Amino acid sequence: MDIGAFASEVLKLLPVPFVALEAVPAAAADLRVAWANPPARDRFGPDIEGSWLDRDRPFGPMGSIVAETEACMRDARLAVVERSVQQAGSVVHLRCTVLPVGEGAAVVIEDATSAVEAKAELALLGSALERVERWGNLGVWEVDLRTDAVYWSTQVYEILGVDEQCLESFQQVVHPDDRAIMDHVVQRLVDQPGPYRLTHRILRDGEVRTLEQHMQSVPDASGRPVRLLGTMIDVSATRALQQQVHQGQQMRTIGLLAGGMAHDLANALFVMCGHADVLLARDDLDGAVRESLEAIARGGQKASTLTRRFMALGRHGELRPVRVDLLEVAEDVLDLVHPTLRSELSLRVERVDPDARPVVLADADRLRQVLLDLVFNARDAGATAITLRIGEVVLGAGDQRP
């Protein structure tokens with residue numbers, strides 16, 4: 001049997017389009033289809049044989065394949081060329097494997113459209129997933145228990161603050177106090193599939209951060225865990241907010257208790273001051289006893305005034321503007337906060353004009369609260385001296401002073 005005829009019969013059996021190209025010396029930079037198997041004629045039409053690769057339909061413009069084919073024929077090497085062409089109004093992605101044979105070439109043509117589109121969709125999905133991870137500060141990781149090989153998504157690097165993708169990098173940033181529980185959970189994952197949820201701390205750039213991880217192991221056919229999968233998210237900001245809310249609730253509770261105690265204290269002071277006033281009304285008191293009773297009455301009256309002002313700070317409602325002496329309000333604030341200040345912190349009231357007592361129209365309780373907030377903010381900021389300057393200032397239209 002003629003070996004060429006035998007080869008032709010065999011090549012007809014290929015399930016993908018196959019063509020044999022021949023170089024025509026009279027037609028420079030062009031190749032002609034000398035032979036095509038049935039799948040090639042089915043795909044490109046019965047007139048594919050004898051068509052010019054770079055000029056005729058249904059191949060469309062195939063200049064890159066022509067150039068690559070000529071190069072592989074010249075260099076006697078195998079080449080794989082991918083090309084997108086227009087066929088029947090749609091884009092088709094072809095993968096052509098070119099093998100030089102004699103003065104021509106054999107070309108196996110595969111339709112790679114599905115693979116190319118799937119690759120593009122996968123890239124698009126990967127890009128979308130990366131954006132979601134970045135927006136949600138969510139990292140995805142995987143560990144191969146057989147080789148200790150590690151895969152991290154991009155966001156894991158950001159969360160951990162490391163540059164190298166390996167188990168050692170992660171273990172180095174885990175907080176020393178949390179390494180034991182981390183090792184325990186990993187061992188549980190090896191023994192049981194999970195899933196498990198773990199909250200632990202890491203040290204990143206000298207700062208303690210809190211991570212929440214969801215983990216699960218993946219077994220092989222025998223049931224032995226071979227991979228660990230998980231996600232991690234930095235919940236430090238959420239935890240800080242939760243702590244602030246909790247502290248706020250505690251302060252509210254303390255405020256309610258303090259308000260109740262202040263009310264009871266006011267009642268007790270009222271009784272004490274009342275009895276002191278009754279005794280002071282007697283005429284048979286000697287000088288020393290009267291002085292002591294007067295001191296008790298003055299102290300009780302002052303304590304009663306402070307208690308009423310403290311209770312007023314917790315009241316909410318409509319503003320009640322009245323004429324308020326700023327100096328008097330500032331001195332009240334001094335009496336209220338003095339016990340809460342550090343010994344090294346000085347607090348004083350200074351009058352801009354020693355002979356004036358500025359009066360404003362305001363709600364006295366709210367004004368007192370504003371001054372208290374200013375003093376406490378300065379104290380918490382580490383101030384060593386706080387001065388409340390009281391005076392009358394006239395602001396012009398362009399004045400930028402607060």
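**Note on the predicted model: an open sheet, its helix and its core**

1. Buried residues make up 31% of the 402 residues in the protein chain. The model is predicted. Its secondary structure comes to 11 helices and 14 strands. Take the contacts in the chain with a separation of 6 or more: residues 24 or more positions apart account for 49% of them.

2. Start with the sheet. It is open and has 5 strands, in the order β7-β6-β10-β9-β8. The pairing is antiparallel. Which strands stand at the edges? They are β7 (150–152) and β8 (196–204). Each has a single partner strand, so one side of each is left without a neighbour in the sheet. From one strand to the next, the twist averages 25°.

3. Now look at one pair within that sheet. Strand β6 (residues 138–144) pairs with strand β10 (residues 225–234) over 7 bridges, in the antiparallel sense. To find the pairing by eye, go to Glu142, which stands opposite Leu229 in β10. As background, strands of a sheet pair through backbone hydrogen bonds, either parallel or antiparallel.

4. A helix packs on the sheet. This is α7 (residues 179–191), and it touches β8, β9 (207–219) and β10. The direction of α7 makes about 145° with that of β8. The length of α7 can be checked. At 1.5 Å a residue, its 13 residues should span 18 Å. The end C-alpha atoms of α7 are 19 Å apart, which agrees.

5. Which residues of α7 are buried? Met182, Val185 and Leu189 are. Seen down the axis of α7, the buried residues fall within an arc of 65°, so they line one face of the helix. The buried residues of α7 pack against α6 (167–173), β8, β9 and β10. On the other side of α7, Ala180, Asp183 and Asp191 are exposed.

6. Next, the core. The largest nonpolar core has 21 residues. Those with the most contacts inside it are Trp141, Trp152, Leu160, Phe170 and Met232. In soluble globular proteins, nonpolar side chains tend to be buried together.

7. Trp141 deserves a look of its own. Leave aside its neighbours within four places in sequence. Trp141 is then in contact with Tyr151, Trp152, Gln213, Met215, Leu228, Leu229, Gly230, Thr231 and Met232.

8. Two loops hold a backbone point to check. Asp148 is in the loop between β6 and β7. Asp148 has a positive phi of about 65°, although it is not a glycine. Asp205, in the loop between β8 and β9, has a positive phi of about 55° and is not a glycine either. Are these two buried or exposed? Asp148 is partly exposed, with a relative accessible area of 48%. Asp205 counts as exposed, at 73% relative accessibility.

9. Last, Val337 in helix α10 (residues 326–337). Val337 has a relative accessible area of 1%, so it is buried; the cut-off for buried is under 20%. Leaving aside neighbours within four places in sequence, Val337 is in contact with Leu347, Leu372, Val375 and Phe376. Val337 and Leu347 are 10 residues apart in sequence. In space, C-alpha to C-alpha, Val337 and Leu347 are 9.2 Å apart.

Conventions: Residues are numbered from 1 along each chain as its sequence is written. This is a predicted model: local features need pLDDT of at least 70, side-chain atom pairs count only at pLDDT 80 or more; totals for chains, interfaces and linings use all residues. Side-chain values use heavy atoms; hydrogens and water are left out. Two strands pair if DSSP finds at least two bridges between them. Helices (H or I, at least four residues) and strands (E, at least two) are DSSP runs, numbered from the N terminus. Axes are lines fitted to C-alpha atoms, for helices over the stretch in contact, and angles run from 0 to 180 degrees between N-to-C directions. Contact means heavy atoms within 4.5 Å. The expected span of a helix is 1.5 Å times one less than its number of residues. Buried means under 20% relative accessible area, exposed over 50%, partly exposed in between (1.4 Å probe, protein chains only). The arc is that of the directions from the helix axis to the C-beta atoms. A nonpolar core is a set of buried Ala, Val, Leu, Ile, Met, Phe, Trp, Tyr and Cys residues joined through side-chain atoms within 4.5 Å.
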